[in-house]
Amino acid sequence: MLFKDRRFAGQILAKELGVYANRPDVLVLGLPRGGVPVAFEVAKALNAPLDVLVVRKLGVPEQEELAMGAIASGGVRIVNKYIISLVKISDEVIAKVAVQEERELERRERLYRKNRPLKDLQGRTVILVDDGLATGATMWAAVVAVRKQQPAQIVIAVPVAAPETCHELEAEVDKIVSVSAPSPFQSVGLWYENFPQTTDEEVSYLLAKAAKNDEPISIGM
C-alpha cells in the first residue's frame, strides 16, 4: 500500500485502532518528528489525548542511517550489540555519539513541551505511533521508556513496518498494529507518495493544537 502522506497514513491507521476509541485510559504518544503528524490523526479519530515521546537514533559514524542504538526521554539508552560488533565500534565512540544525540533530545524536549511534563502513563493504555518501522531502534527505546512508568498496556501502531522488526518487537509489547508489512521492505519513505522531512515547527504546531483541547482531543486541521 502506498500512502499519500503522513496525515493520510494516520487516518488509515486510526481505522485499525477503533477498539481504542473513546476510552478514558488511552493516550497516544507520537515519536518525533515524522510520527507526530501520524499520531495527531490517530488521536483525533480515537478522541484520545496526544503527547510526544522524544527519541533519537544513535547512528554509526559516517553511516548515520545505520542504527547502533537509540536514546529516549527519561535517560533511556539501548544499543544493538550485533551492529556494534559487526562494525567494531568502541565504547568511546558510542559515548561520543550518545552525548551529541542527548543534546538534540534535550533541545527538542524544550521546544516541543514548552515546560509541560509528560502525561502520567501509569495504568494507561499507551499507543506509540511512528510513520513507519525500519530497524525499530527508536521504537524499542520508546517502549523501554514507557514501560518504566508502568502502563497497563503498550501498543505500537504504524502505517508500515518491516516484518522482521514487527517479529522482534511483538514480544516486548501487548500489541503491534501495522496497516502494511511489505517484504522486501527497504525503507519507510518508499511507501509514501510524499515524504518530506517533518519540521520542528510542524511538530510544535500540532502539539500546541492538541494541547488546547487536552483531554480528550477532538480537533481538525
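How many aromatic pairs does a search of the whole structure find? The search finds two, where rings of Phe, Tyr and Trp (its six-membered ring) pair if their centres lie within 6.5 Å, and planes under 30 degrees apart count as stacked, over 60 as edge-to-face and the rest as tilted. The model is predicted, so that local features need pLDDT of at least 70 and side-chain atom pairs count only at pLDDT 80 or more, while totals for chains, interfaces and linings use all residues. Residues are numbered from 1 along each chain as its sequence is written, and side-chain values use heavy atoms, with hydrogens and water left out.

**Aromatic cluster**

Phe3 and Tyr192 form a tilted pair, with ring centres 5.6 Å apart and planes at 40°. Phe3 lies in the segment before helix 1 and Tyr192 in the loop between strand 8 and helix 7 (200–213), so the pair ties together parts that are 189 residues apart in sequence. Helices (H or I, at least four residues) and strands (E, at least two) are DSSP runs, numbered from the N terminus. Tyr192 and Phe195 make a tilted pair at 4.9 Å centre to centre, with 35° between the planes. Tyr192 is buried at 5% relative accessible area, whereas Phe195 is partly exposed at 32%; buried means under 20% relative accessible area, exposed over 50%, and partly exposed in between (1.4 Å probe, protein chains only). Phe3 is buried as well.

**Salt bridges**

There are 14 salt bridges, each a side-chain nitrogen of Lys or Arg within 4 Å of a carboxyl oxygen of Asp or Glu. Three of them are tabulated.

| Pair | N to O distance |
|---|---|
| Glu41–Lys44 | 3.2 Å |
| Glu101–Arg56 | 2.7 Å |
| Arg107–Glu104 | 2.8 Å |

Glu41 and Lys44 both belong to helix 2 (residues 35–46), three residues apart, or about one turn of the helix. Glu41 is buried at 3% relative accessible area, and Lys44 is partly exposed at 21%.

The bridge between Glu101 and Arg56 has its closest N and O atoms 2.7 Å apart. Glu101 is in helix 4 (residues 91–113) and Arg56 in strand 3 (residues 55–60), so this pair ties together parts that are 45 residues apart in sequence. Glu101 is buried, with a relative accessible area of 15%.

Arg107 and Glu104 are three residues apart in helix 4, separated by about one helical turn. Glu104 is buried at 19% relative accessible area, while Arg107 is partly exposed at 29%. Salt bridges that share partners join Arg33, Glu104, Arg107, Arg108 and Asp200 into one network.

**Helix 1 and the strands**

Helix 1 (residues 6–15) has Arg6, Ala9, Gly10, Ile12, Leu13 and Ala14 as its buried residues. These pack against helix 2, strand 6 (125–129), strand 7 and strand 8, with contact meaning heavy atoms within 4.5 Å. Asp5 caps the N-terminal end of helix 1, a side-chain oxygen lying 3.3 Å from the backbone nitrogen of Arg7.

Strand 7 (residues 153–160) and strand 8 (residues 175–180) run parallel and are joined by five bridges; two strands pair if DSSP finds at least two bridges between them. Val158 has Ser178 as its bridge partner in strand 8. Together with helix 6 (residues 163–169), strands 7 and 8 make a right-handed β-α-β unit: with the strands pointing away from the viewer, the path from the first strand over the helix to the second runs clockwise.

Notes: A polar contact is a pair of N or O atoms within 3.5 Å; within protein, one must be able to donate a hydrogen and the other to accept it, and residues adjacent in sequence count only if both atoms are side-chain atoms.
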